[in-house]
Amino acid sequence: MIERPRRHVAAEREACVVEVTEKSPPTLFHSGEQFRLERLPVGSRIVYPPPPLKGLADVDAAIAAALDSPLGMDPLDSLLSPGMKLTIAFDDISLPLPPMREPDIRSLVIEQVLERAYRAGVEDIHLIAALALHRRMTAAELERAVGPRVFREFYPDRLYNHDAEDPDGIVHLGETGSGERVELSRRASESDLLVYVNINLVTMDGGHKSVAVGLGTYGSLKHHHTPHTMRHSRSFMDPSSSELHKSASRQGDVVEAAVPIFHIETTLNNDTFGGPLRFISKPEARWTPREQATFAAIKRTTDRMPAKLRHDLFHKQYAPYGVTGVTAGAVNPVHEVTLEHCAAQQAVQVHGQADVVTAGLPYVCPYNVNSIMNPVLVMCLGLGYFFNLYKGVPLAREGGVMIFTHPVTPEFHPVHHPSYVDFFEEVLTETRDPMEIHKRFERAYAEDEWYRHLYRTSYAYHGVHPLYMWYWGAHGLEHLGDVIFVGGDPEACRRMGFRRADTMRDALEMAEQVVGREPSVTHFHCPPLFYAEVAA
């Protein structure tokens with residue numbers, strides 16, 4: 001791979017933070033399955049994502065090199081032998097976002113692992129989608145992840161979804177020094193070698209979190225998916241400051257002591273919009289007249305399009321990501337390199353916090369791929385993910401305001417999100433406090449037999465999942481003085497305890513009631529994904 005001259009990279013990084021002037025064009029805001037153009041106050045800052053790094057020229061060669069020269073472990077070939085039990089686990093449909101164009105990097109890695117296993121005479125091979133408490137992947141989704149050749153050979157008997165509620169398929173490995181229970185897939189725990197194939201979309205992913213969470217159970221996840229842990233994670237994108245990651249790492253140590261694991265982590269660039277839409281990733285001031293006309297036509301078309309057709313159109317979008325790194329071997333040295341690759345693509349230095357932070361929430365999050373973004377997921381995307389896309393300190397100051405654009409439509413996928421409906425209608429009408437929800441409702445939702453049945457046999461998220469998504473925003477709820485949704489459904493916003501406004505101007509005036517007149521404003525221009533390294 002040919003590196004770009006460092007001076008060009010530095011110049012592009014400096015251009016990621018831009019001040020709004022009287023001559024600045026309107027700013028693009030995502031708003032679910034539509035777009036908005038908003039004029040921000042003069043003097044506002046806009047933080048843009050870095051431009052995409054160049055992908056690896058030969059991905060297959062990079063995979064082979066990683067398997068031949070792993071970090072902290074012997075080459076993969078030397079770990080394979082006839083008669084052994086080999087399990088290959090891989091990240092589920094929640095990564096990457098949006099889904100990548102075929103071939104999926106997981107399929108390329110899995111094919112090379114299988115080729116080596118066959119040469120070594122390995123016959124007992126299973127492939128497991130590491131779902132944790134997410135919904136099961138459909139046959140078509142599994143095929144897209146592993147590729148048609150692997151799918152035809154292994155599905156359904158030897159390619160399947162992890163079942164965190166299978167009483168015969170789970171084993172108890174022990175407890176951490178902090179008393180955290182560690183439970184894992186029986187097939188994985190009894191394997192002579194477990195190979196984990198990861199896509200590290202953001203710095204929150206990968207490492208010990210892959211196996212301990214992805215192949216774990218409610219009994220193990222409940223130790224770190226708590227309001228207390230979420231409130232004391234500063235932030236999810238900085239594992240060294242995240243109580244969630246510290247707990248998962250303690251569990252991971254127990255898993256690594258019991259199971260031989262060969263980790264393969266991959267990173268992608270942020271080339272999210274392909275072809276004629278690639279300009280959406282650029283600062284608006286750099287759009288050409290042709291690109292301006294293209295955007296106007298897209299906005300006009302999507303605004304007039306029936307909601308269902310618009311939904312189908314957005315969810316058929318696939319990103320032309322380039323692969324920026326493939327690293328294999330032992331968990332800690334591999335993940336250190338992975339974090340460096342993520343930072344090279346995503347980190348933007350920002351000086352100082354803001355009174356008000358604005359952001360446009362897109363149509364997709366980890367939990368509505370090929371599905372519907374319900375109000376609880378909107379809350380999680382805004383306060384759980386966008387708020388936490390930082391290192392150092394949050395982009396919004398303590399007591400500050402975040403303004404999101406999203407319709408917050410009170411619509412739920414009946415198959416994927418049954419417990420979300422009940423959570424929204426029953427729990428949020430009684431309390432919004434994460435700690436009270438945890439104490440009063442978690443056990444009932446986690447142990448409900450109907451939710452458990454739907455998780456195991458249909459395509460439903462685990463019964464406890466909506467509570468976890470609410471906890472995910474606990475730090476943001478505690479830190480911020482107000483949250484406002486521009487264009488949000490009035491009843492859905494009220495139910496969740498948020499204010500709403502018809503226009504961005506109205507929202508900024510409402511924010512002044514909380515932070516004072518003439519506030520400092522920063523717009524977080526995401527997607528594509530990135531994070532802000534904020535120095536107070």
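This briefing describes salt bridges in the structure above. The structure is a predicted model, in which local features need pLDDT of at least 70 and side-chain atom pairs count only at pLDDT 80 or more, while totals for chains, interfaces and linings use all residues. Residues are numbered from 1 along each chain as its sequence is written, and side-chain values use heavy atoms, with hydrogens and water left out. A salt bridge is a side-chain nitrogen of Lys or Arg within 4 Å of a carboxyl oxygen of Asp or Glu; by this rule the count is 31.

**Arg-149 and Glu-111**
- These two residues form a salt bridge whose closest N and O atoms are 2.6 Å apart.
- The pair links distant parts of the chain, 38 residues apart: Arg-149 is in helix α5 (residues 148–154) and Glu-111 in helix α3 (residues 105–119).
- Helices (H or I, at least four residues) and strands (E, at least two) are DSSP runs, numbered from the N terminus.
- Arg-149 is exposed at 54% relative accessibility, whereas Glu-111 is buried at 18%.
- Buried means under 20% relative accessible area, exposed over 50%, and partly exposed in between (1.4 Å probe, protein chains only).

**Arg-452 and Glu-165**
- Arg-452 and Glu-165 form a salt bridge, with 3.1 Å between the closest N and O atoms.
- Arg-452 is partly exposed, at 21%, and Glu-165 is buried, at 16%.

**Other salt bridges**
- Glu-183 and Arg-181 meet through their side chains at 2.5 Å, N to O.
- Glu-183 is buried at 14%, while Arg-181 is partly exposed at 30%.
- A network of salt bridges links Asp-68, Asp-77, Arg-116 and Arg-119.
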